[in-house]
Amino acid sequence: MSAEASLFGLTNLPYGVYSVGGSAPRVATRLGDHVVDLATLLDDDVFAGSSLNPFMAQGPDRWAAVRAAVTAALADGLPAEGVHPVADVTLHLPFEVADYTDFYASEQHASNLGRLFRPDSPDPLMPNWKHMPVSYTGRASSVVVSGTEVVRPCGQRLPAGGGSPELGPSARLDIEAEVGFVLGVGNDAGTPIPVTQAEQHVFGVVLFNDWSARDIQAWEYVPLGPHLGKSFASTISPWVVPLAALAAARTATPEQRPTPLPYLALPEPWGLDITLEVEWNGEVVSRPPYASMYWSPAQMLAHLTVNGASTRTGDLFASGTVSGPGRDQVGSLIERGGDFLADGDEVVLRATAPGANGTTIGFGEAAGRITPARTREHQR
Ligand code: CA
């Protein structure tokens, strides 16, 4: 078995959407180097469609029952029907993204970016940062699956040395290595999700690359936050790893001081021991540790809904860039203090986490290649 295949054993069993030879997309799981068609395996039409949304909407009791059924059905190996080598299939966006919110939950990253974007400020963190998981809401329509090419964005940016803004291709195109959380079941308007109830709503986890045009972002972000510097593309991995597969990866979050308000307080706040890997043009340049994130997934979800905002099946919230203290642990290129992405560059995110019974599980890849800006279309 290949090293990659070993990350997709019986303790993982992620969900994705595949097609083969031009067939209609359907839901599958992955075991080793094969995808397994779930409508065939379980004789259940909820998996015969082209997204995970109908299954995710069925709720946590069904998620547990299906995971148990898939585990039992595959315990003795691959079935006779509905099996394809993963190399032979096309993997699609696994769920319809309903709404998308991006947090900023790494103290290390927020501090690094604060120093870069506000060099004259005495404190790199804004006064609100340790009181709430801050975020902005982006465009669900620009979330794309791994392998989708990323066209270099154009936008307003200031010329080097100042002056008036110009429209043109970003010269400071960057990545943000993040973890995304997919909601299976939402909440009604006016009924916040308590911090203790995240597991009843969060279906699973994807890898997330929030491509970022730093020059566009730096000019536009005051006072309403990032927009066009981010909204051209965000890449997710094709497999949604269920939260149930990550039980062994749970770990305490770093100590939170000052103590968060009661709606954000958990007796035992849990993060996830996921180690990301950033590969840039074939070379691993960083291994960001998700376990170092200050704000936990349950806290992000509680904050997202505390004002009574409704959420729904397919909502996606991402953690913000994952950065540890070392230069080889940062989740963006700007924090390395060096070069940005050139046309033709490819970035691949991968990750591993502890699975049940001493295993290690994987997430697949969130990969994207930069193609040149389509400047002519912007200059008409
Ligand atoms: Ca981000």
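Colleague: What does the cover over the buried residues of α5 include?
Modeller: Helix α5 spans residues 107-117, and its buried members are His109, Ala110, Ser111, Asn112, Leu113 and Gly114. Buried here means under 20% relative accessible area, exposed means over 50%, and partly exposed lies in between (1.4 Å probe, protein chains only). Helices are DSSP runs of H or I with at least four residues, strands are runs of E with at least two, and both are numbered from the N terminus. What covers those buried residues of α5 includes α6 (214-220).

Colleague: What kind of model is this?
Modeller: Residues are numbered from 1 along each chain as its sequence is written, and side-chain values use heavy atoms, with hydrogens and water left out. Local features need pLDDT of at least 70, side-chain atom pairs count only at pLDDT 80 or more, and totals for chains, interfaces and linings use all residues, since this is a predicted model.

Colleague: Which residues are the protein donors of the calcium ion?
Modeller: Donors are N, O and S atoms within 2.8 Å of the metal, or 3.2 Å for Na, K and Ca; water is not among the atoms, and sites may look incomplete. In sequence the donor residues follow the spacing D-x73-E-x1-E-x31-D. At 2.2 to 2.3 Å from the calcium ion, the protein donors are Asp102 (OD), Glu176 (OE), Glu178 (OE) and Asp210 (OD).

Colleague: Which residues are linked with Arg214 in a network of salt bridges?
Modeller: A salt bridge is a side-chain nitrogen of Lys or Arg within 4 Å of a carboxyl oxygen of Asp or Glu. The side chains of Arg214 and Asp174 form one at 2.9 Å, N to O. Arg214 is in helix α6 and Asp174 in strand β12, so this pair ties together parts that are 40 residues apart in sequence. The network links Arg214 with Asp174, Glu176, Asp210 and Lys230.

Colleague: Is Glu166 buried or partly exposed?
Modeller: The side chain of Glu166 meets that of Arg157 in a salt bridge of 3.6 Å, N to O. Arg157 counts as buried because its relative accessible area is 15%. With a relative accessible area of 41%, Glu166 is partly exposed.

Colleague: How many residues apart are Glu277 and Arg287?
Modeller: Their side chains meet in a salt bridge of 3.6 Å, N to O. The pair links distant parts of the chain, with Glu277 in strand β20 (residues 275-280) and Arg287 in the loop between β21 (283-286) and α7, a spacing of 10 residues.

Colleague: Which residue has its side chain joined to that of His303 by a polar contact?
Modeller: His303 belongs to helix α7 (residues 297-305) and counts as buried because its relative accessible area is 17%. Contact means heavy atoms within 4.5 Å, and beyond neighbours within four places in sequence, His303 is in contact with Met132, Pro133, Tyr263 and Leu264. A polar contact is a pair of N or O atoms within 3.5 Å; within protein, one must be able to donate a hydrogen and the other to accept it, and residues adjacent in sequence count only if both atoms are side-chain atoms. At 2.7 Å, the polar contact joins the side chain of His303 to that of Tyr263.

Colleague: How many salt bridges are counted between domain 1 and domain 2?
Modeller: Domain 1 (3-92) and domain 2 (100-379) have bounds from an automatic or database domain assignment. The area buried between them is about 2,000 Å², with 72% from carbon and sulfur atoms; buried area is the accessible area (1.4 Å probe) that two parts lose on being put together, summed over both. In domain 1, Thr11, Met56 and Trp63 lose the most area to domain 2, together 29% of what that side buries. The interface has four residue pairs in polar contact, both residues at pLDDT 80 or more, whereas its salt bridge count is zero.
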